[in-house]
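Please consult the sequence and the structure shown below while reading.

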Amino acid sequence: AMDRGGRDAAASAAEPASAAPPEAAAPALVVIDTNIVLDLFVFDDAAARPLRAALEGGTQRWLATAAMRVELARVLDYPQIAPRRAFYGLSVDDVLARLAVDRMNPSSIAYSITAARENARRAREIVSTELWEILNTTNSRMPRRLQTEKVHEFFQWVRERAALAIGIVDSSTNRDEAWQFFTLGRSIERTDMTARLLATRSLTEVSGPSWTTILRSCGAYEAYLRTYRGMPSARNAAEFLLLDRLFPRSIIYSIQRAEDCMSAIDPRADRVGHSNTVLRALGQIRNDLEYRPVSDVLTDLPEHMQRVQTVTREASEAIR
(Lines give C-alpha, C1' and ligand atoms only; values in the text may rest on other atoms or scores of the structure.)
Protein backbone atom coordinates (compact mmCIF):
# COMPACT_ATOMS: atom_id res chain seq x y z
CA ALA A 1 0.00 0.00 0.00
CA MET A 2 1.39 3.37 -0.90
CA ASP A 3 0.53 6.79 0.47
CA ARG A 4 2.67 9.84 -0.19
CA GLY A 5 4.96 7.60 -2.17
CA GLY A 6 4.75 4.50 0.05
CA ARG A 7 3.88 3.23 3.47
CA ASP A 8 5.05 0.94 6.23
CA ALA A 9 3.65 -2.46 7.20
CA ALA A 10 0.81 -1.22 9.29
CA ALA A 11 -0.10 1.42 6.74
CA SER A 12 -0.33 -0.98 3.88
CA ALA A 13 -3.47 -2.08 5.69
CA ALA A 14 -4.60 1.52 6.12
CA GLU A 15 -4.08 3.34 2.85
CA PRO A 16 -6.84 5.25 1.16
CA ALA A 17 -5.10 8.45 0.07
CA SER A 18 -3.33 7.17 -3.03
CA ALA A 19 -6.56 5.77 -4.42
CA ALA A 20 -7.77 9.29 -5.17
CA PRO A 21 -7.20 10.72 -8.63
CA PRO A 22 -3.78 12.35 -9.01
CA GLU A 23 -5.28 15.83 -8.96
CA ALA A 24 -7.20 15.26 -5.71
CA ALA A 25 -5.71 16.57 -2.46
CA ALA A 26 -4.63 13.87 -0.03
CA PRO A 27 -6.81 13.75 3.10
CA ALA A 28 -5.27 15.00 6.33
CA LEU A 29 -4.41 12.19 8.75
CA VAL A 30 -5.78 12.38 12.29
CA VAL A 31 -5.25 10.22 15.37
CA ILE A 32 -8.46 10.30 17.42
CA ASP A 33 -8.57 9.81 21.17
CA THR A 34 -10.89 7.03 22.37
CA ASN A 35 -13.14 9.54 24.13
CA ILE A 36 -13.59 11.47 20.90
CA VAL A 37 -14.43 8.23 19.10
CA LEU A 38 -17.18 7.70 21.64
CA ASP A 39 -18.42 11.26 21.05
CA LEU A 40 -18.44 10.60 17.30
CA PHE A 41 -20.16 7.24 17.10
CA VAL A 42 -21.79 6.59 20.49
CA PHE A 43 -22.87 9.90 22.03
CA ASP A 44 -23.36 11.85 18.79
CA ASP A 45 -21.83 14.93 20.41
CA ALA A 46 -22.61 18.10 18.44
CA ALA A 47 -19.07 19.35 18.96
CA ALA A 48 -17.72 16.25 17.19
CA ARG A 49 -20.03 16.46 14.17
CA PRO A 50 -17.66 18.61 12.04
CA LEU A 51 -14.96 15.96 12.51
CA ARG A 52 -17.41 13.22 11.57
CA ALA A 53 -18.43 15.17 8.46
CA ALA A 54 -14.77 15.58 7.50
CA LEU A 55 -14.16 11.84 7.91
CA GLU A 56 -17.22 10.91 5.89
CA GLY A 57 -16.38 13.50 3.24
CA GLY A 58 -12.84 12.19 2.82
CA THR A 59 -11.05 15.44 3.71
CA GLN A 60 -9.63 13.78 6.82
CA ARG A 61 -8.66 10.16 7.42
CA TRP A 62 -8.69 8.44 10.78
CA LEU A 63 -5.35 6.80 11.54
CA ALA A 64 -5.92 3.89 13.96
CA THR A 65 -3.65 0.91 14.47
CA ALA A 66 -4.81 -2.61 15.30
CA ALA A 67 -3.87 -2.12 18.97
CA MET A 68 -6.01 1.01 19.15
CA ARG A 69 -8.99 -0.79 17.64
CA VAL A 70 -8.66 -3.63 20.13
CA GLU A 71 -8.58 -1.08 22.95
CA LEU A 72 -11.69 0.61 21.54
CA ALA A 73 -13.48 -2.73 21.44
CA ARG A 74 -12.70 -3.19 25.12
CA VAL A 75 -13.90 0.32 26.03
CA LEU A 76 -17.17 -0.20 24.16
CA ASP A 77 -17.96 -3.06 26.55
CA TYR A 78 -17.53 -0.92 29.69
CA PRO A 79 -20.69 -0.95 31.86
CA GLN A 80 -21.02 2.84 31.67
CA ILE A 81 -20.78 2.79 27.85
CA ALA A 82 -23.08 -0.14 27.07
CA PRO A 83 -26.32 1.71 28.10
CA ARG A 84 -25.40 4.61 25.83
CA ARG A 85 -24.77 2.27 22.94
CA ALA A 86 -28.15 0.68 23.57
CA PHE A 87 -29.84 4.09 23.72
CA TYR A 88 -28.44 5.13 20.37
CA GLY A 89 -29.05 1.73 18.87
CA LEU A 90 -25.33 1.03 18.46
CA SER A 91 -23.49 -2.17 19.16
CA VAL A 92 -19.82 -3.05 19.36
CA ASP A 93 -20.30 -4.77 16.02
CA ASP A 94 -21.61 -1.54 14.47
CA VAL A 95 -18.58 0.50 15.49
CA LEU A 96 -16.04 -2.17 14.61
CA ALA A 97 -17.72 -2.84 11.27
CA ARG A 98 -17.35 0.80 10.33
CA LEU A 99 -13.65 0.73 11.17
CA ALA A 100 -12.85 -2.67 9.69
CA VAL A 101 -15.09 -3.86 6.86
CA ASP A 102 -17.13 -0.88 5.68
CA ARG A 103 -16.04 -0.59 2.05
CA MET A 104 -17.56 2.88 1.70
CA ASN A 105 -15.67 4.39 4.64
CA PRO A 106 -12.27 5.83 3.59
CA SER A 107 -10.94 5.19 7.12
CA SER A 108 -11.73 1.47 7.14
CA ILE A 109 -9.32 -1.39 6.60
CA ALA A 110 -11.40 -2.88 3.78
CA TYR A 111 -11.42 0.41 1.84
CA SER A 112 -7.68 0.79 2.35
CA ILE A 113 -6.83 -2.68 1.09
CA THR A 114 -8.99 -2.13 -1.98
CA ALA A 115 -7.15 1.17 -2.55
CA ALA A 116 -3.80 -0.59 -2.20
CA ARG A 117 -4.78 -3.15 -4.83
CA GLU A 118 -6.00 -0.39 -7.16
CA ASN A 119 -2.71 1.49 -6.76
CA ALA A 120 -0.79 -1.66 -7.61
CA ARG A 121 -2.99 -2.26 -10.65
CA ARG A 122 -2.19 1.21 -11.95
CA ALA A 123 1.53 0.55 -11.53
CA ARG A 124 1.36 -3.09 -12.64
CA GLU A 125 4.45 -2.78 -14.86
CA ILE A 126 6.70 -2.20 -11.84
CA VAL A 127 4.85 -4.35 -9.28
CA SER A 128 6.17 -7.88 -8.90
CA THR A 129 3.89 -10.86 -9.48
CA GLU A 130 4.34 -11.94 -5.85
CA LEU A 131 3.20 -8.56 -4.50
CA TRP A 132 0.29 -8.43 -6.94
CA GLU A 133 -0.86 -11.87 -5.80
CA ILE A 134 -0.59 -10.90 -2.13
CA LEU A 135 -2.71 -7.79 -2.64
CA ASN A 136 -5.25 -9.64 -4.75
CA THR A 137 -5.54 -12.47 -2.24
CA THR A 138 -5.83 -10.13 0.72
CA ASN A 139 -8.52 -8.11 -1.02
CA SER A 140 -10.50 -11.19 -2.03
CA ARG A 141 -10.36 -12.67 1.48
CA MET A 142 -11.45 -9.49 3.24
CA PRO A 143 -14.62 -10.48 5.13
CA ARG A 144 -17.90 -8.69 4.59
CA ARG A 145 -18.82 -8.97 8.26
CA LEU A 146 -16.73 -9.06 11.41
CA GLN A 147 -17.67 -11.24 14.34
CA THR A 148 -16.95 -9.66 17.73
CA GLU A 149 -15.28 -12.77 19.12
CA LYS A 150 -12.88 -12.80 16.15
CA VAL A 151 -11.82 -9.14 16.29
CA HIS A 152 -8.32 -9.85 17.57
CA GLU A 153 -7.87 -12.66 15.06
CA PHE A 154 -8.95 -10.38 12.22
CA PHE A 155 -6.59 -7.55 13.16
CA GLN A 156 -3.74 -10.01 13.55
CA TRP A 157 -4.47 -11.33 10.05
CA VAL A 158 -4.39 -7.79 8.64
CA ARG A 159 -1.04 -7.10 10.29
CA GLU A 160 0.42 -10.34 8.97
CA ARG A 161 -0.77 -9.66 5.42
CA ALA A 162 0.60 -6.14 5.56
CA ALA A 163 3.95 -7.36 6.85
CA LEU A 164 4.04 -10.01 4.13
CA ALA A 165 3.45 -7.40 1.42
CA ILE A 166 6.17 -5.15 2.78
CA GLY A 167 8.55 -8.09 3.10
CA ILE A 168 8.02 -9.00 -0.55
CA VAL A 169 8.69 -5.41 -1.61
CA ASP A 170 11.92 -5.33 0.38
CA SER A 171 13.15 -8.70 -0.86
CA SER A 172 12.15 -8.62 -4.52
CA THR A 173 12.31 -5.01 -5.68
CA ASN A 174 15.31 -3.54 -7.48
CA ARG A 175 16.94 -0.73 -5.54
CA ASP A 176 16.10 1.70 -8.29
CA GLU A 177 14.20 4.96 -8.28
CA ALA A 178 10.84 3.23 -7.77
CA TRP A 179 12.10 1.54 -4.62
CA GLN A 180 13.63 4.81 -3.39
CA PHE A 181 10.28 6.55 -3.81
CA PHE A 182 8.50 3.72 -2.02
CA THR A 183 10.94 3.85 0.90
CA LEU A 184 10.88 7.65 0.96
CA GLY A 185 7.09 7.68 1.26
CA ARG A 186 7.10 4.93 3.87
CA SER A 187 9.70 6.78 5.96
CA ILE A 188 7.80 10.05 5.81
CA GLU A 189 4.59 8.26 6.74
CA ARG A 190 6.27 6.52 9.67
CA THR A 191 7.56 9.87 10.89
CA ASP A 192 4.12 11.42 10.63
CA MET A 193 2.31 8.51 12.30
CA THR A 194 4.72 8.29 15.23
CA ALA A 195 4.52 12.06 15.76
CA ARG A 196 0.72 11.89 15.84
CA LEU A 197 0.73 9.04 18.33
CA LEU A 198 3.14 10.88 20.61
CA ALA A 199 1.14 14.11 20.40
CA THR A 200 -2.11 12.29 21.15
CA ARG A 201 -0.64 10.55 24.18
CA SER A 202 0.81 13.80 25.49
CA LEU A 203 -2.47 15.71 25.12
CA THR A 204 -4.59 12.97 26.73
CA GLU A 205 -2.52 11.95 29.72
CA VAL A 206 -5.45 10.58 31.71
CA SER A 207 -7.95 9.33 29.15
CA GLY A 208 -5.65 8.49 26.24
CA PRO A 209 -3.96 5.21 25.35
CA SER A 210 -1.25 3.98 27.70
CA TRP A 211 2.43 4.12 26.80
CA THR A 212 2.38 0.34 26.48
CA THR A 213 -0.41 0.66 23.90
CA ILE A 214 1.46 3.40 22.04
CA LEU A 215 4.61 1.26 21.90
CA ARG A 216 2.66 -1.78 20.71
CA SER A 217 0.96 0.35 18.06
CA CYS A 218 4.39 1.15 16.63
CA GLY A 219 5.66 -2.42 16.96
CA ALA A 220 8.13 -1.03 19.49
CA TYR A 221 7.19 -2.69 22.77
CA GLU A 222 9.64 -5.57 22.76
CA ALA A 223 12.42 -3.44 21.28
CA TYR A 224 11.81 -0.93 24.07
CA LEU A 225 12.00 -3.63 26.75
CA ARG A 226 15.29 -4.91 25.35
CA THR A 227 16.69 -1.39 25.32
CA TYR A 228 15.49 -0.01 28.67
CA ARG A 229 14.95 -3.32 30.53
CA GLY A 230 11.91 -2.10 32.40
CA MET A 231 8.25 -1.21 32.09
CA PRO A 232 7.50 1.86 29.96
CA SER A 233 7.71 5.28 31.56
CA ALA A 234 6.55 8.46 29.87
CA ARG A 235 10.04 9.89 29.45
CA ASN A 236 11.74 6.70 28.27
CA ALA A 237 8.98 5.67 25.89
CA ALA A 238 8.79 9.11 24.29
CA GLU A 239 12.58 9.31 24.06
CA PHE A 240 12.73 5.88 22.41
CA LEU A 241 10.10 6.69 19.78
CA LEU A 242 11.62 10.11 19.15
CA LEU A 243 15.36 9.76 19.19
CA ASP A 244 16.50 6.14 19.02
CA ARG A 245 18.84 5.85 16.02
CA LEU A 246 18.55 2.06 15.77
CA PHE A 247 14.79 1.49 15.92
CA PRO A 248 13.28 1.75 12.40
CA ARG A 249 10.05 3.40 13.47
CA SER A 250 11.56 6.15 15.60
CA ILE A 251 11.18 9.67 14.24
CA ILE A 252 14.92 10.28 13.96
CA TYR A 253 15.58 6.98 12.15
CA SER A 254 12.71 7.56 9.72
CA ILE A 255 13.76 11.12 8.93
CA GLN A 256 17.32 9.99 8.29
CA ARG A 257 16.07 7.23 5.99
CA ALA A 258 13.91 9.73 4.11
CA GLU A 259 16.91 12.02 3.66
CA ASP A 260 19.00 9.16 2.29
CA CYS A 261 16.29 8.25 -0.23
CA MET A 262 15.77 11.86 -1.29
CA SER A 263 19.50 12.26 -1.83
CA ALA A 264 19.55 9.12 -4.01
CA ILE A 265 16.58 10.34 -6.07
CA ASP A 266 17.91 13.87 -6.48
CA PRO A 267 21.71 13.67 -6.07
CA ARG A 268 22.57 17.34 -6.04
CA ALA A 269 25.99 18.47 -4.85
CA ASP A 270 25.30 22.02 -3.76
CA ARG A 271 28.38 23.95 -2.79
CA VAL A 272 26.42 26.12 -0.39
CA GLY A 273 23.32 25.00 1.51
CA HIS A 274 20.58 22.80 0.06
CA SER A 275 18.58 23.74 -2.99
CA ASN A 276 16.36 20.69 -2.46
CA THR A 277 13.46 21.94 -0.34
CA VAL A 278 12.58 18.45 0.94
CA LEU A 279 16.11 17.77 2.17
CA ARG A 280 16.30 21.20 3.75
CA ALA A 281 13.02 20.75 5.65
CA LEU A 282 13.86 17.22 6.82
CA GLY A 283 17.38 18.24 7.85
CA GLN A 284 16.13 21.20 9.87
CA ILE A 285 13.62 19.19 11.89
CA ARG A 286 16.10 16.34 12.44
CA ASN A 287 18.75 18.74 13.74
CA ASP A 288 16.21 20.46 15.96
CA LEU A 289 15.24 17.17 17.61
CA GLU A 290 18.72 15.67 17.78
CA TYR A 291 20.57 18.65 19.23
CA ARG A 292 17.92 20.10 21.49
CA PRO A 293 18.02 18.76 25.08
CA VAL A 294 15.64 15.84 25.48
CA SER A 295 14.01 17.46 28.50
CA ASP A 296 13.13 20.52 26.40
CA VAL A 297 11.52 18.37 23.69
CA LEU A 298 9.50 16.36 26.20
CA THR A 299 8.36 19.46 28.08
CA ASP A 300 6.60 20.80 25.00
CA LEU A 301 6.06 17.56 23.11
CA PRO A 302 2.76 18.46 21.35
CA GLU A 303 4.28 21.60 19.80
CA HIS A 304 7.36 19.73 18.57
CA MET A 305 5.21 16.94 17.15
CA GLN A 306 3.05 19.50 15.39
CA ARG A 307 6.18 20.86 13.73
CA VAL A 308 7.16 17.36 12.65
CA GLN A 309 3.71 16.83 11.13
CA THR A 310 3.96 20.16 9.31
CA VAL A 311 7.34 19.23 7.85
CA THR A 312 6.14 15.81 6.70
CA ARG A 313 3.10 17.35 5.07
CA GLU A 314 5.22 19.98 3.29
CA ALA A 315 7.74 17.35 2.21
CA SER A 316 4.96 15.15 0.88
CA GLU A 317 3.44 17.99 -1.12
CA ALA A 318 6.87 18.96 -2.52
CA ILE A 319 7.53 15.37 -3.62
CA ARG A 320 4.16 15.13 -5.35
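The expected span of a helix is 1.5 Å times one less than its number of residues. Helices (H or I, at least four residues) and strands (E, at least two) are DSSP runs, numbered from the N terminus. The model is predicted: local features need pLDDT of at least 70, side-chain atom pairs count only at pLDDT 80 or more, and totals for chains, interfaces and linings use all residues. Residues are numbered from 1 along each chain as its sequence is written, and side-chain values use heavy atoms, leaving out hydrogens and water.

**Overall composition and confidence**

- The protein chain contains 16 helices and two strands.
- Of its 320 residues, 50% are buried, where buried means under 20% relative accessible area, exposed over 50%, and partly exposed in between (1.4 Å probe, protein chains only).
- The average pLDDT, the predictor's confidence in each residue from 0 to 100, is 80 for the protein chain, and 82% of the residues score at least 70.
- Among the elements, helix α4 (residues 82-87) has the lowest mean pLDDT (60), and α13 has the highest (94).

**Helix α14**

- The 15 residues of α14 should span 21 Å at 1.5 Å a residue, and this agrees with its end C-alpha atoms, which are 21 Å apart.
- Asn276 caps the N-terminal end of α14, with a side-chain oxygen 2.9 Å from the backbone nitrogen of Val278.
- The buried residues of α14 include Val278, Leu279, Leu282, Arg286 and Asp288.
- The cover over these buried residues includes α12, α13, α15 (294-299) and α16.

**Nonpolar cores**

- A nonpolar core is a set of buried Ala, Val, Leu, Ile, Met, Phe, Trp, Tyr and Cys residues joined through side-chain atoms within 4.5 Å.
- The largest such core has 44 residues, and among those with the most contacts inside it are Leu198, Phe240, Ile251 and Met305.
- Elements giving two or more residues to this core include α9 (177-203), α12 (234-243), α14 (277-291) and α16 (301-319).
- Another core, of 15 residues, lies apart from it and includes Ile32, Val37, Leu38 and Ala64.
- Beyond its neighbours within four places in sequence, Phe240 is in contact (heavy atoms within 4.5 Å) with residues including Leu215, Tyr224, Tyr228 and Phe247.

**The loop residue Thr148**

- Thr148 lies in the loop between α7 (129-141) and α8 (151-172).
- Thr148 counts as partly exposed because its relative accessibility is 34%.
- Thr148 and Ala73 are 75 residues apart along the chain, and their C-alpha atoms are separated by 8.6 Å.

Key. A polar contact is a pair of N or O atoms within 3.5 Å; within protein, one must be able to donate a hydrogen and the other to accept it, and residues adjacent in sequence count only if both atoms are side-chain atoms.
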